[in-house]
Protein chains: 2
Amino acid sequence: MTVELYFFQPLGSNSGRVFLTLLEKGVGFIERELIGPDFEHLGPEYLAINPKGQVPTLVHDGEPLTEGTAVCEYIDEAFEGPPLRPANLRARWSMRRWCRYIDNEIGRCVMMIHWNRIVPVFVGARTPAEVEQIIARVPNADRRMAWRNAYLQKTPPQEITESRRRLAVAARRIEAALTGGAWLCGPDFSLADIDLLNFYGFFPSWFPELVNDSAAPNTLAWLNRMEARAAVRDMRARTRRRPEPSR
Amino acid sequence: MTVELYFFQPLGSNSGRVFLTLLEKGVGFIERELIGPDFEHLGPEYLAINPKGQVPTLVHDGEPLTEGTAVCEYIDEAFEGPPLRPANLRARWSMRRWCRYIDNEIGRCVMMIHWNRIVPVFVGARTPAEVEQIIARVPNADRRMAWRNAYLQKTPPQEITESRRRLAVAARRIEAALTGGAWLCGPDFSLADIDLLNFYGFFPSWFPELVNDSAAPNTLAWLNRMEARAAVRDMRARTRRRPEPSR
């Protein structure tokens with residue numbers, strides 16, 4: 001039985017949630033780090049594993065599995081270890097609803113804002129023509145457009161404003177959900193907490209106007225509980241800076 | 001133990017998939033039809049059950065559950081009856097991946113095109129000012145904008161073109177997935193088939209250029225298998241025309 005995870009450093013967002021799920025579950029795995037600034041995820045070797053060229057991919061006994069939310073439930077079902085889904089069925093429904101919301105709403109808004117900051121740095125010293133050649137290799141049309149807009153800094157400003165507005169709504173919703181309970185879906189720690197940490201953990205520094213002592217005390221207490229977990233500490237210890245492009 | 005389902009007629013899309021899941025599982029339930037053209041889903045009584053004013057809602061022992069994909073998994077876990085998720089864990093991962101794709105991609109594109117056809121009919125003889133009053137009650141900002149654009153027939157034409165392009169991609173992907181297997185995720189019938197039928201069952205008549213004998217023979221064979229199922233025949237027998245507005 002082999003388990004391999006293809007992921008990006010620094011650990012967070014989509015890579016982070018699958019990485020952390022494996023750690024929480026106690027599954028040993030082979031780290032297959034892809035060098036983002038070298039665009040290894042768009043190279044023929046990785047596209048043979050994941051034709052969408054998206055990260056992460058879990059490879060279990062030679063068979064690839066993609067899409068974070070579905071992969072994390074798979075990990076919980078396929079391996080021994082502490083359960084990461086609540087036993088109570090209503091709490092489990094709540095977990096799936098939160099994972100969907102984190103994925104579709106928080107994740108998308110965060111990624112839009114993040115890409116706009118990071119893509120111009122990511123491409124290093126390449127010429128515009130070289131960058132366009134790389135972007136043309138992105139298999140998904142929407143993602144290709146998002147990367148191009150981010151590189152050229154042409155994302156419509158109203159889209160960024162709208163993403164920020166949605167994240168403010170999400171911040172209030174999260175704070176309300178964490179009032180009176182240790183974890184997002186009640187007394188049981190779950191995949192929803194893992195998801196949220198990886199898309200939301202840097203909010204106190206990125207969006208201090210949303211996550212601070214007065215606006216979000218329960219969220220900050222939850223973040224402290226998360227960071228104190230052995231698996232999260234392990235993930236932090238294995239987190240590296242973004243690698244430099246090799247050229 | 002009581003199970004109630006709030007839904008719209010005619011049965012299909014979001015209402016249809018939860019309705020059909022209950023029938024496939026053999027769960028008895030109380031039908032709570034909401035009259036869409038009377039906007040009962042935006043009235044105080046329903047908003048007390050589902051503050052988002054979206055349909056359907058399952059109420060199990062007095063507690064509401066929303067979001068189709070999560071509700072359908074809940075039904076499969078909470079009630080006795082034939083399993084609606086594959087026993088094989090990789091097929092189950094595939095099921096969740098398909099449900100997500102049907103929800104986020106096919107469902108969204110279909111709804112956009114559908115709303116543009118239906119909202120102007122839906123509002124009946126109301127004046128523009130009356131319609132605006134109703135639309136202003138839609139709790140979700142995105143949905144409010146989509147309804148307003150559909151009513152005023154102001155949806156940007158390129159958005160409709162883009163939705164049609166995406167549905168053409170989806171049609172090819174579905175045809176490929178159904179090649180050589182009876183059901184969407186392999187040998188086991190699953191929630192992915194239920195989802196797909198409800199968002200896709202009318203494609204042969206709506207989009208004959210995508211789903212026809214030469215382009216999609218496997219899809220049509222699958223549709224025939226679906227329509228032959230006892231639960232689907234039962235759903236069809238319980239399907240009513242869209243009610244007329246009461247004023």
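In this predicted model, chain A holds an open sheet of four strands in the order E2-E1-E3-E4, and the pairing within the sheet is mixed. Strand E2 (30-33) and strand E4 (63-65) of chain A are the edge strands, each pairing on one side only. Direction ignored, neighbouring strands of this sheet are turned against each other by 25° on average. At one end of the strand order, strand E3 (residues 57-60) of chain A pairs with E4(A) in the antiparallel sense, over three bridges. Here His60(A) stands opposite Glu63(A), a residue of E4(A). Helix H1 (residues 13-25) of chain A lies across strand E1 (3-7) and E3 of chain A, and its direction is at about 155° to E1(A).

Most residues other than glycine have a negative phi, and most peptide bonds are trans. In chain A, however, the bond joining Val55(A) and Pro56(A) is a cis peptide bond, with omega at about 5°. Pro56(A) is placed in the loop between helix H2 (44-49) and E3 of chain A. In chain B the peptide bond from Val55(B) to Pro56(B) is also cis, omega being near 5°, and Pro56(B) is found in the loop between H2 and E3 of chain B.

Val55(B) also belongs to the surroundings of Leu34(B). That leucine lies in the loop between strand E2 (30-33) and helix H2 (44-49) of chain B. Although Leu34(B) and Val55(B) are 21 residues apart in sequence, their C-alpha atoms are 8.6 Å apart in space. Leaving aside residues up to four places away in sequence, Leu34(B) touches Tyr6(B), Phe7(B), Phe8(B), Glu40(B), His41(B), Tyr46(B) and Val55(B). Leu34(B) counts as buried because 21 other C-beta atoms lie within 10 Å, and the cut-off for a buried residue is 20 or more.

Glu67(B) is not a glycine, yet its phi is positive, at about 75°. Its place is in the loop between E4 and H3 of chain B, and it is buried because it has 21 C-beta neighbours inside 10 Å. Gln153(B), another residue other than glycine, has a positive phi near 55°. This glutamine lies in the loop between helix H6 (141-151) and helix H7 (157-177) of chain B.

Two packed helices are described by the angle between their axes and the distance between the axes. For H4(B) and H8(B) the angle is about 10° and the axes are 9 Å apart, so H4(B) is roughly parallel to H8(B). On the side of H4(B), the contact is made by Met95(B), Trp98(B), Cys99(B), Ile102(B), Ile106(B), Gly107(B) and Val110(B). H8(B) contributes Leu191(B), Ala192(B), Asp195(B), Leu196(B), Phe199(B) and Tyr200(B). By class, the residues of this contact are eleven nonpolar, one polar and one charged.

The remaining topic is the meeting of the two chains. In all, 17 residues of chain A are in contact with 17 residues of chain B. On the side of chain A that touches chain B, E4, helix H3 (68-78) and H4 of chain A each supply at least two residues. H4(A) gives the largest share of this side, eight residues. The classes on this side of chain A are six nonpolar, two polar and nine charged residues.

Conventions: Residues numbered from 1 in each chain as written. Chains lettered and ligands numbered in written order. Predicted model: local features only at pLDDT ≥ 70, side-chain atom pairs only at ≥ 80, totals over all residues. Axes fitted to C-alpha atoms, helices over the stretch in contact; angles between N-to-C directions. Parallel < 35°, antiparallel > 145°, perpendicular 65-115°, else oblique. Contact = placed C-beta atoms within 7 Å. Nonpolar A, V, L, I, M, F, W, Y, C, P; charged D, E, K, R; others polar. Pairing = 2+ DSSP bridges. Buried ≥ 20, exposed ≤ 12 C-beta atoms within 10 Å, placed from the backbone.
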